[in-house]
Amino acid sequence: MATMIEENGPSTLVGGQSELSSSSSRVRQKLESLLNKNMRIRMTDGRTLVGLFLCTDRDCNVILGSAQEFLKSSDSFSQGEPRVLGLAMIPGHHVVSIEVESDTLADTQGFGGSH
């Protein structure tokens with residue numbers, strides 16, 4: 001089972017208190033729960049990288065460990081052999097989508113719901 005990660009819109013002031021800190025805390029907890037999980041990242045040039053999520057930064061750059069690269073194939077039936085990259089950094093501005101492979105449905109609670 002895969003879960004799509006969606007970015008929340010801008011936070012707003014509610015009752016004189018910013019939701020930014022609580023929203024930031026929830027996002028941090030969710031990201032920490034994804035550490036060492038398998039991710040599939042699709043990039044703007046059509047490549048797909050699959051590997052273990054190790055970290056990210058404020059610019060949404062992602063570091064994957066044990067990464068493999070899959071090229072976009074013109075023939076949907078031929079996937080070809082993946083290229084082993086090892087440790088890979090994906091610039092945030094090249095990320096089109098991120099899918100997280102989870103072992104159980106309980107791991108995905110809080111993701112993919114309507115925002």
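Guide: A residue counts as buried under 20% relative accessible area, exposed over 50%, and partly exposed in between (1.4 Å probe, protein chains only). One caution before we use that: this is a predicted model, where local features need pLDDT of at least 70 and side-chain atom pairs count only at pLDDT 80 or more, while totals for chains, interfaces and linings use all residues. Residues are numbered from 1 along each chain as its sequence is written, and side-chain values use heavy atoms, with hydrogens and water left out.

Visitor: Fine. How many helices and strands does the chain have?

Guide: Elements here are DSSP runs numbered from the N terminus: helices are H or I with at least four residues, strands E with at least two. The chain has 1 helix and 8 strands. Walk along the sequence and you pass through β-β-β-α-β-β-β-β-β.

Visitor: What share of the residues is buried?

Guide: Of the 115 residues in the chain, 23% are buried. As for the surface, the chain exposes about 8,100 Å² (Shrake-Rupley method, 1.4 Å probe). Carbon and sulfur atoms supply 52% of that area.

Visitor: And what share of the contacts joins residues 24 or more positions apart?

Guide: A contact means heavy atoms within 4.5 Å. Take the contacts with a separation of 6 or more: residues 24 or more positions apart account for 50% of them.

Visitor: On to charges. How many salt bridges are there?

Guide: The rule asks for a side-chain nitrogen of Lys or Arg within 4 Å of a carboxyl oxygen of Asp or Glu. By that rule you get 7 salt bridges.

Visitor: Start me in the helix. Which residue does Arg 28 pair with?

Guide: Arg 28 bridges to Glu 32, with 3.2 Å between the closest N and O atoms. Both residues sit in helix H1, 4 residues apart, or about one turn of the helix. Arg 28 is exposed, at 56% relative accessible area, whereas Glu 32 counts as partly exposed at 45%.

Visitor: Where in the chain are the partners of the bridge between Arg 40 and Glu 101?

Guide: The closest N and O atoms of Arg 40 and Glu 101 are 3.1 Å apart. Arg 40 lies in strand S4 and Glu 101 in strand S8 (residues 95-101), so the pair ties together parts that are 61 residues apart in sequence. Arg 40 is partly exposed at 23%, and Glu 101 is partly exposed too, at 30%. This pair also belongs to a network of salt bridges that links Arg 40, Arg 42, Glu 99 and Glu 101.

Visitor: What is the distance in the bridge between Asp 45 and Arg 47?

Guide: Their closest N and O atoms are 2.7 Å apart. Asp 45 is partly exposed at 45%, and Arg 47 is partly exposed at 26%.

Visitor: Where is Ser 66, and is it buried or exposed?

Guide: Ser 66 sits in strand S6 (residues 62-70). Its phi is positive as well, near 50 degrees, in a residue other than glycine. With 56% relative accessibility, Ser 66 counts as exposed.
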